[in-house]
Each structure stands twice: as C-alpha cells, then as structure tokens.
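Visitor: I have a few questions about how the terms are used here. Could you show me the structure before I start?

Guide: Gladly, here it is.

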Amino acid sequence: MNEQLFRAIDDRRDELVALTADLIRFPTVNPPGEAYTPCAEFIANRLRKRRFETQLIRGQDTPGDSDRYPRTNVVARFDGRGHGPTVHFNSHIDVVEAGEGWTVDPYGGIVKDGRVYGRGACDMKGGLAASIIAAEVFMDVYPDFPGAIEISGTVDEESGGFGGVAYLASKGFFSKPRVDHVIIPEPLNKDRICLGHRGVWWAEIETKGRIAHGSMPFLGDSAIRHMGAVLHAFEEELFPALDRKQTQMPVVPEGARRSTMNINSIHGGQTEDFFPGLPSPNVADTCRTVIDRRFLLEESIDEVKGEVTSILDRLKRERPKFDYSIRDLMEVHPTMTERDAPVVTAVAEGIREIFGKEPDYVISPGTYDQKHVARIGHLHDCIAYGPGILDLAHQPDEWVGIDDMVESAKVMAIGLDVLLRGALRG
C-alpha cells in the first residue's frame, strides 16, 4: 500500500519545489525577525485550504518581540476520524542573514540543476515543505486515519527558540495529551535520524580593573590584561582537559565527540562603547568575554561550570588585584531519544523502505528546538529528520536537493503510516 503514497508524492514533485521556493522568498531574517508574520500567514492559508485548523500565535514579550518585529508562529492541526496519537512536524521559519559570496539571489527561490537555492533552502524551508507535502498526501491516500497531524512553523530557532518552540511549549503545545510524537525536519541528511544534541552553557565572564591615563598605566589596573590571564589559563589547562573528554553519544562530525569551548566574543576598554573608531587614552577598567561551552551526556552541568570557575577562583587567589564576575546566559542539558522510541522506529522503517539500508543514528553537535520540547514540554519521543546537508546551512549559495526532498517526504509519510495507521492495525 505504500506504493500509493510514493506515487502521490512523485506526482506532487513540482508542487513541493514550488512550495519550497515560495517559502524561501519570505526573507525571514533573524535578527531582527523580518517577515515572520507574512510567512506564517502564507503557511496558515495553505493548510487552512486543506481543512487544517490554524492558529497564529505571537510569542508575546519574548526576546526580540515587538510590534515592528512580532514573534509570529503558526500551528495547524487536522484531526482524523478516530482516536489515536498525534504526530507533530515542527519547522522553524527563521533564517540567518544572507552574508556575502552569493552567485544567486538569496531570496529568489532559484531552481536549477536539481536543486532549490536560497537562504533557508536547506535550513530548513525544504524540510518544512517536505513535511507539508508528506502530511497532505497521507491524508489523501488514507482519509480514514485515526489520531491527528500537526504542522508548525516557528520562529527564532537561530537565536535560541525562545519566541517560538519555547513559548509554545510553555503554553502546552508540545506536551501530552495534545502531542505524542514530534519530528523536526532539520537538515541532517536523508538517511540519518538525529536523536538529540550535546548540551550548551553560555556565560559572560567580566574581569575588573581600574581606569587611569593610558600614558601612566601603572596608576591603573588593566582589565584586559586580567582577561589575558584568563585566556592563557584556558589555553594551558582547560582546552587540553576538554580534548581528553570523549563521549559514547554518536555525535557528528567526529571532532564533536568530545567537549568543546568557543570564545564567542571579547569586549574591553572604552573605544567601541563610547567613541567608535577613535582611540581611548585610558586603561580598561572592564573586559568581558562570552564563552560557548558544549558538553556531553557523561558530564554534569555543575562539573562543566566548576571547571571554569575553579580557574577564575585560583587566579583571584594568585594574581594581584584580579577580580571577576560571571553571568549565565543559557543552559541546556544534553538530550538523546532512545533508539527504540516509537518515532525513531517509525522513521527508521521509512529509511529502510526508501533507501534499502539501516539508518545512521546521530547526535547534533549544536542544539536545536528539541531542547525545548524535552525540557519544557517533557516530551521525549522527539527526533530531527529532514532533507538537506547540514554543512550547507548558513553558507553562501545554500541549496536543497529536489530528489532529497521527495525521498524525505516519502520517509515522513511512512512514519505517519506507522505511527497512526500502524497503531490501529496493532
């Protein structure tokens, strides 16, 4: 019977391409959050014509939300003809800025050489389009299916997801009994199932100093030099220790199967704060750095934070006049869905049928919106699966393969068949 699904998806190949291109043409750039509302309305109007009940939900008072840049999400639901579970496809509609280096219009939705080009083509408007086609075809082929299908287009994933999935999860949109299974069509290759992600701790460290005239630095105390001591200690002690930490999580790429930390930014002195482009004749009395620590399932958050604060405390004891403060910016624990979870086995069945092979099970090096589904919604039957090559995300000339979208839509449709009609047959 799956041949009916496959033929129907093949017949709608051009529609899938057109939908992807239409979505790309909304420049939903984050920050600041451009074009969220018209993109969400476009999705809602399409799904409403297919008898989905749709809601536009603003992430009121979340970071970045304003009347000029409202955090507008769309949630659509179609209830089947009998009792059963709910499968939810969640895609983010926001994209990062285009940047330089494009050879095509980043918001043109250009179709050529078997690909759709544009910012967000891979990450993740191609996945959103594939999930919509998969759901619509399944509903056409099996109109008497039990349970329900939901599709959402949410915002701000690229900046943490607080105005999107986090907000909706806090309102019960990603919890039982409303939802049972969640598939997030992130671009992690069409034959791989992403079970979760590493943890992340973002923090801002500030070193303190004393202002003085730059010609007489001995009368002050340079916060930048103190920060230099911090960075030196990180290089000599922390980074080598992180390199030795390995995980059993199947993180991709291979280099991410260990603990990592990135120095996101450093800000010190007065030049950029008060006189852009002009020199400041002062000793810096403050210096700030933001760290991005990615950690493993085998590590506790207390251990992760303790490795940093122990270095800072030692410097405070040993380095004259050294003082610091540290502020948490974001904290997300690692998550990994079990391989025998229903949504995993359902999508795995689709991959076997379409590609004739066992799926690869992977963990993402960075977080995505599964973190909010798990920590706020307390729903753990959640994976990422979708078309596209992750390495293309955020790059110039980003693209998604048309064949990849078609094949991924077939996998998603089989997943629906297993989770909804399969439950009925069992």
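Visitor: Leaving aside its neighbours within four places in sequence, which residues is Met330 in contact with?

Guide: Met330 is in contact with Phe162, Val200, Trp201 and Trp202, where contact means heavy atoms within 4.5 Å. A word on the source: this is a predicted model, where local features need pLDDT of at least 70 and side-chain atom pairs count only at pLDDT 80 or more, while totals for chains, interfaces and linings use all residues. Residues are numbered from 1 along each chain as its sequence is written, and side-chain values use heavy atoms, with hydrogens and water left out.

Visitor: Why is Met330 called buried?

Guide: Buried means under 20% relative accessible area, exposed means over 50%, and partly exposed lies in between (1.4 Å probe, protein chains only). Met330 has a relative accessible area of 11%, so Met330 is buried. Met330 belongs to strand 12 (residues 324-332); strands (E, at least two residues) and helices (H or I, at least four) are DSSP runs, numbered from the N terminus.

Visitor: And what makes Thr72 count as buried?

Guide: Its relative accessibility is 8%, so Thr72 counts as buried too. Thr72 is found in strand 2 (residues 72-79).

Visitor: How do you know that the side chain of Thr72 makes a polar contact with the side chain of Thr37?

Guide: A polar contact is a pair of N or O atoms within 3.5 Å; within protein, one must be able to donate a hydrogen and the other to accept it, and residues adjacent in sequence count only if both atoms are side-chain atoms. For the side chains of Thr72 and Thr37 the value is 2.7 Å.

Visitor: Which residues of helix 3 are buried, and why are they said to line one face?

Guide: Tyr36, Cys39, Ala40, Ile43, Ala44, Arg46 and Leu47 are buried. Seen down the helix axis, the buried residues fall within an arc of 165°, so they line one face of helix 3; the arc is that of the directions from the helix axis to the C-beta atoms. These residues pack against several elements, including helix 2 and strand 2.
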